[in-house]
Amino acid sequence: MPSLSGMLTVKSVSRSFGDHQVLHDVSFDVRPGRMTGFVGANGSGKTTTMRIILGVLGAHGGSVSWHGAPVTGPVRQRFGYMPEERGLYPKMKVAEQITWFGRLHGLKPATARHNTDRLLEQLDLAGRANDPLDELSLGNQQRVQIAAALVHDPAALILDEPFSGLDPIAVETVLNVLRERSAAGVPVLFSSHQLEVVERLCDDLVIISAGRIAASGAREDLQSEFGTPRFELVVDSDAGWLRDLPGVHVVDIDGPRAVFDIQHDAPLDNGRGAQTDQQVLQDALRRGAVRSFTPVVPSLGEIFKEAI
Ligand code: ADP
């Protein structure tokens, strides 16, 4: 059995449909023990990339490797995949169906049943074990799909839009199950077009735009790399004087509270001198009390806008 802490590496992958090239030199890592969010607009190439990782679709160039070696059939058998087109049997009972997926991946009957029971418990579906799938709500059907992807204790998880259509409580439930796997060393790649969901859930981020990787890496690194340096200042009196400082772009002022950017491209030699955050703070202190001065971390939406 392969170890549970491999790295999945996508390297220079390209793919066309007819003469439409939809992936261009796509490279990124899915690291063990990390939740990697794969974000991009509809049609940007997320599903195509995931299908290539799973070998459902061939690449026209590049490679996918696991532990540094090309991914082969038996290795893929150890991956867990939740496809975009959900592939469950509407009339089959929930537990029977999950156990069957476990058997398909080579589990012994008792192990498949044991894993099924555990997942149904974790996903709050134990009470529905003997109901046919099509009697469940769509959100619950999606939880079953997630159980089907996890039942064989996969060595890596590739999930296409696992959170779409889930209510906030279900998002938390599914997230806890995925976090448990990732904490055990399993690399988890999940796609989403919902930036606010990814923002909360991912450790690493891969941003794809029109089939090209626009940015990838640890979320905090991307947050400090992208986005104008932005700060929030709270003073005692009106903060309107900030508008007159060179090199400062005021985003919002509400009486004594102001949000502003320091502009990288401000001329340094304009006779008044461009500002640094510390100069702004000193200015503020000269004028009176400073209640708070805080860097503002850019949202994923802002990173996304800047990266693509
Ligand atoms: P995403 O998952 O980011 O929404 P996809 O990978 O599904 O994007 O699609 C990327 C592009 O590839 C789109 O322009 C889509 O129309 C095209 N595409 C995907 N699959 C096929 C296919 N089987 N035949 C032709 N074009 C396809």
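User: Which element gives the largest share of the shell around the ligand?
Analyst: That's H1, with three residues. Helices (H or I, at least four residues) and strands (E, at least two) are DSSP runs numbered from the N terminus. Keep in mind that this is a predicted model, where local features need pLDDT of at least 70, side-chain atom pairs count only at pLDDT 80 or more, and totals for chains, interfaces and linings use all residues. Residues are numbered from 1 along each chain as its sequence is written, and side-chain values use heavy atoms, with hydrogens and water left out.

User: Which elements supply at least two residues of that shell?
Analyst: Strand S2 (20-30) and helix H1 (46-54) each do.

User: And which residues are around the ligand?
Analyst: Phe17, His20, Val22, Ala41, Asn42, Gly43, Ser44, Gly45, Lys46, Thr47 and Thr48. Being near here takes a heavy atom within 4 Å. By class they are three nonpolar, seven polar and one charged. Ala, Val, Leu, Ile, Met, Phe, Trp, Tyr, Cys and Pro count as nonpolar, Asp, Glu, Lys and Arg as charged, and the others, Gly among them, as polar.

User: How far is the side chain of Thr48 from an oxygen atom of the ligand?
Analyst: An N or O atom in that Thr48 side chain is 2.6 Å from a ligand oxygen. For Thr47, a backbone N or O atom lies 2.8 Å from an oxygen atom of the ligand. Gly43 has a polar backbone atom 2.7 Å from a ligand oxygen. The protein covers 62% of the 570 Å² of accessible area (Shrake-Rupley method, 1.4 Å probe) that the ligand has on its own.

User: Switching topic: at what angle do H5 and H6 pack?
Analyst: Helix H5 (residues 138-150) and helix H6 (residues 168-183) pack at about 5°, axes 11 Å apart. So H5 is roughly parallel to H6 (angles under 35 degrees count as that).

User: Which H5 residues meet H6?
Analyst: Arg143, Ile146 and Leu150, with Val174 and Leu178 among their partners in H6. Contact means heavy atoms within 4.5 Å.

User: What about H4 and H6, what angle there?
Analyst: About 130°, with the axes of H4 (residues 109-122) and H6 10 Å apart. That makes H4 oblique to H6.

Key:
A polar contact is a pair of N or O atoms within 3.5 Å; within protein, one must be able to donate a hydrogen and the other to accept it, and residues adjacent in sequence count only if both atoms are side-chain atoms. Axes are lines fitted to C-alpha atoms, for helices over the stretch in contact, and angles run from 0 to 180 degrees between N-to-C directions. Angles under 35 degrees count as roughly parallel, over 145 as roughly antiparallel, 65 to 115 as roughly perpendicular and the rest as oblique.
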